[in-house]
Amino acid sequence: MRVRWSLWLPLLLFAGFCALVAVQLFHPAEREVESAMIGKELPQFDLKPASPDRPGLKTADLQAGKPRLLNIFASWCVPCAAEAPQLAELERGGADIVAVAVRDRPEDVAAFLARYGNPYSRIGADDLSEVQLGIGSSGVPETFVIDGKGVIRYQHIGDIRPEHVAMLLRKLQEAGQ
Amino acid sequence: MIAEFGLAALWLAGALAALQLLAGVLALTMRDAEGAAPIAALVRPSAVVQGVLATCSFGILVLLFGETDLSVKLVAENSHSEKPLIFKLAGAWGNHEGSMLMWVTIMSLAGGLIALIERRLPERTLIATLAAQAFVGLGFYAFLLFSSNPFERLDPPAQEGLGLNPLLQDIGLAFHPPTLYFGYVGLSIAFSFAVGALLTRQVTPDFARAMRPWVLGAWIFLTLGITAGSYWAYYELGWGGWWFWDPVENASLMPWLAATALLHSASVLAARDALRAWTIMLGVVAFSMSMIGTFLVRSGILTSVHTFAVDPERGAFILVLLAIYIGGALTLFALRAGTVAEGERFAITSREGALVVNNVALSAILAIVLLGTLYPLLTEAFGVKVSVGPPYFNPVSAIFFIPMLVVLAAGPLLRWRRDSLRRVRIELAMLAAVTLAALAAVAASTAIGLLPLLGMALAIGLALASFMPLKGRSLRRVPLATWGMAVAHFGVAVALFGMACESAFTQERLLAARMGETAAVGPWKIKLEGVEPVAGPNWTALEARLSASYQGGAPVEIAPQSRSFWAPPQQTSEAALLTRWNGQLYAVIGEEGEDGRWQLRLWWKPFVTMIWYGGLLIALGGLLALVGRVSADLRRRHVRARVAVRRGEAQ
């Protein structure tokens, strides 16, 4: 009988799935990865405004002497909505937050900010994810602590939970010293 | 004491599953047919008793939750004496252990039902099927008994329970997970049928006819579960969206896609004896998707807005089970599918051809959803984190969804085996004309996105197409199953129309309203009359009183709430909905500003309810088909019995 190799394909794919999941189960990716970008300078960029009532964002804005939080978000991202109260709290805590909206449309960003609040002083539109990838972020949401010279001091991956707020404010303060 | 009964029943049920498996394997492998007969006779009764025992065990757990027995750890961790009774009962399956027990219970019930009523399959295939069902069941019994015992005691008993996630304290929870579980686990029957047929190499039209009602039943529950889940997320999460491509949602969508494909390919196998290996494959895939989806969600490997307990040890246990069952079935498939003789051939332009296109499209969408769900996992293995959202899922699945809809419209008009498009050219031209006219009309009257535009036009064309197969037939003679197909396809059109309208025409207002201020959204004028504290059984809330008037008509009072639960402390937002025939008003109250104004979020969502009505229609279509098939079966069985009696008399 002729062996039909194609019949083994589903099993092979499933084996790949199992291997992948097993790796994740037994070596869970560290949730607090030290970003390779920490200590590096921001790449040069100049993004147009993502929302009509806030200016866009360029590298020079982040080299103006004051440490800032850089939040990477998108209106289509559910965890980004979930972290909105924490961003508002950070803003009340004195953080200056600037943002990059990834692959988004101005009207969607405006609707998102109207719905969940707008803690940002500047929002740049990163339509092709270039800046996002350039600063070592691969998903939304992520939040970076940038010191006054435009150097990345800390990278927070995933949504900001209530328990992260104090830590981020501390990191921000450390970046200012 | 009663908890110990539950545990004992569970152990006994597990032991019977072992017996069922053992007897099945022995009966199938023994060469001595006479010696095998009494052993084979054990299989059916064990399946039935196993089902009864597992049901007892689950019933006891529900009882323990009902009386809030705080000496049981699971109850103490997940319930609270002050919860309303319905949520106490629902709490029994609102947690890991309880839901696994429910899983096992449904699975053994399904096995018991097959043992009781299935007469169409050859006896050997039936025994192989029940053995496979017991084999799968055993793993889950082991999982429950060794790693997730729901009846574990707490010594000393807790003073008060820890409560239940207030997001889950909703009537939706009482029915949503059980419905979905009936669907997920019901597909285990298709899996066992497929394995059984592979073992005995009997992949015949009769096999497809025997399997079809079971798949239909599971599919109806899945359809209802997904529809209800979508509506629940819509009004409970307070975000106004109805589908988020969240891993949990994808986990329920994937088995549904596979089961939908399976239903259609089983029809081809039943009617034309074609697509044998493919149908078997889908039988395996459908339940595999149920298990993989549940695993991904429950193990906490994928982060999701729904995530339950995260426990790598349990995750590892389920992964091993998955590897054994799915891996085993796929190995069996690889070894045996080549020896299952190829079925009948057919031309591309035929009913079968259209169903093959449908299968390919459904499988492609399944692959897209699976890939999108797993992609973050894949990249994470290489140290890169991504999140995949609607910008990926919507357009990419549309690539396959749209051609599938076209085939859905045309396929049912074609004849089996061989047909020509010329024969149905008038019908096709009519459908094309209606669709294009709708497209032009919508495009001319409003400016909306491409996908919503296509969606609306296709929905209108499809609504017409779904009833075309009934054209020229005496409606009273059309078999119920055909009605079922028409209704289900019409449901797809209705849901699609709702989705397109929601995405194209939703209007949104966010405002900080003063007392007495009026805001307009869509055809509604909404006035903030007041905000008052109210108290429920285990929560307090700030309730906004809004009077909403539709197109200047008499005002209707609605009251969205911002609820605070105290056990455990958590805030939720209870949206207020007002439904009219042409859409829904959705109101949410936010926080109070420093100037005494209240945040209000208002949406007008034209025809949004069509999404869920469509889902219900699809399920109704399934139900009609199920009733039609089963009653036809019973009639046939009755006739056969009478013929047998006459023959006996004649001799």
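1. Two residues are taken to be in contact if their C-beta atoms, placed from the backbone, lie within 7 Å. On that criterion, and bearing in mind that this is a predicted model, helix 13 of chain B meets helix 14 of chain B through Ala354(B), Val357(B), Asn358(B), Ala361(B), Leu362(B), Ala364(B), Ile365(B), Ile368(B), Val369(B) and Gly372(B) on the side of helix 13, and through Tyr392(B), Phe393(B), Val396(B), Ser397(B), Phe400(B), Phe401(B), Pro403(B), Met404(B), Val407(B), Leu408(B) and Ala410(B) on the side of helix 14. By class, the residues of this contact between helix 13 and helix 14 of chain B divide into 18 nonpolar, three polar and no charged.

2. The geometry of that pair can be stated as follows. Helix 13 of chain B covers residues 351–381 and helix 14 of chain B covers residues 390–410, and the two pack with their axes 9 Å apart at an angle of about 165°. Since an angle over 145 degrees counts as roughly antiparallel, helix 13 and helix 14 of chain B are therefore roughly antiparallel to each other. The crossing of helix 13 and helix 14 of chain B is left-handed.

3. A second pair in chain B joins helix 9, residues 205–236, to helix 18, residues 609–650, with axes that come within 9 Å and cross at roughly 165°. Helix 9 and helix 18 of chain B are therefore roughly antiparallel to each other, and their crossing is left-handed. On the side of helix 9 of chain B the contact includes Arg212(B), Pro213(B), Leu216(B), Trp219(B), Ile220(B) and Tyr231(B), while the residues that helix 18 of chain B brings to it include Trp612(B), Gly615(B), Leu616(B), Gly622(B), Arg629(B) and Val630(B). The residues of the contact between helix 9 and helix 18 of chain B divide into 15 nonpolar, six polar and two charged.

4. Gly66(B) may be worth a look in the viewer. Gly66(B) lies in helix 3 of chain B, residues 43–66, and is partly exposed, with 16 other C-beta atoms within 10 Å. Leaving aside residues up to four places away in sequence, Gly66(B) touches Leu85(B), Lys88(B) and Leu89(B). Between Gly66(B) and Ser79(B), which are 13 residues apart in sequence, the distance from C-alpha to C-alpha is 9.5 Å.

5. As to chain B as a whole, its secondary structure comes to 18 helices and ten strands. The radius of gyration of chain B is 27 Å, close to the 26 Å that the globule rule gives for 651 residues, so chain B is as compact as a globular protein of that length. The C-alpha trace of chain B spans about 90 × 75 × 60 Å along its principal axes, and 49% of the 651 residues of chain B count as buried. Among contacts in chain B between residues at least 6 apart in sequence, 75% join residues at least 24 apart.

6. Chain A has six helices and seven strands, and along the sequence these follow the pattern α-β-β-β-α-α-β-α-β-α-β-β-α. The C-alpha atoms of chain A fill a box of roughly 75 × 35 × 30 Å, taken along the principal axes. Of the 177 residues in chain A, 42% are buried, and where contacts in chain A join residues at least 6 apart in sequence, 76% of them join residues at least 24 apart.

7. Finally, the contact between the chains takes 27 residues from chain A and 34 residues from chain B. On the side of chain A that touches chain B, the elements that give two or more residues are helix 1 (9–26), helix 2 (78–82) and helix 4 (106–116) of chain A. Helix 1 of chain A gives the most to that side, with ten residues. By class, the side of chain A that touches chain B has 21 nonpolar, three polar and three charged residues.

Terms used: Residues are numbered from 1 along each chain as its sequence is written. Chains are lettered from A and ligands numbered from 1 in the order in which they are written. This is a predicted model: local features need pLDDT of at least 70, side-chain atom pairs count only at pLDDT 80 or more; totals for chains, interfaces and linings use all residues. Helices (H or I, at least four residues) and strands (E, at least two) are DSSP runs, numbered from the N terminus. The radius of gyration is taken over C-alpha atoms; the globule rule is 2.2 Å times the number of residues to the power 0.38. A residue is buried if 20 or more other C-beta atoms lie within 10 Å of its own, exposed if 12 or fewer, and partly exposed in between; C-beta atoms are placed from the backbone. Axes are lines fitted to C-alpha atoms, for helices over the stretch in contact, and angles run from 0 to 180 degrees between N-to-C directions. Angles under 35 degrees count as roughly parallel, over 145 as roughly antiparallel, 65 to 115 as roughly perpendicular and the rest as oblique. A crossing is left-handed if the near helix is turned anticlockwise from the far one by less than a right angle, and right-handed if clockwise. Ala, Val, Leu, Ile, Met, Phe, Trp, Tyr, Cys and Pro count as nonpolar, Asp, Glu, Lys and Arg as charged, and the others, Gly among them, as polar.
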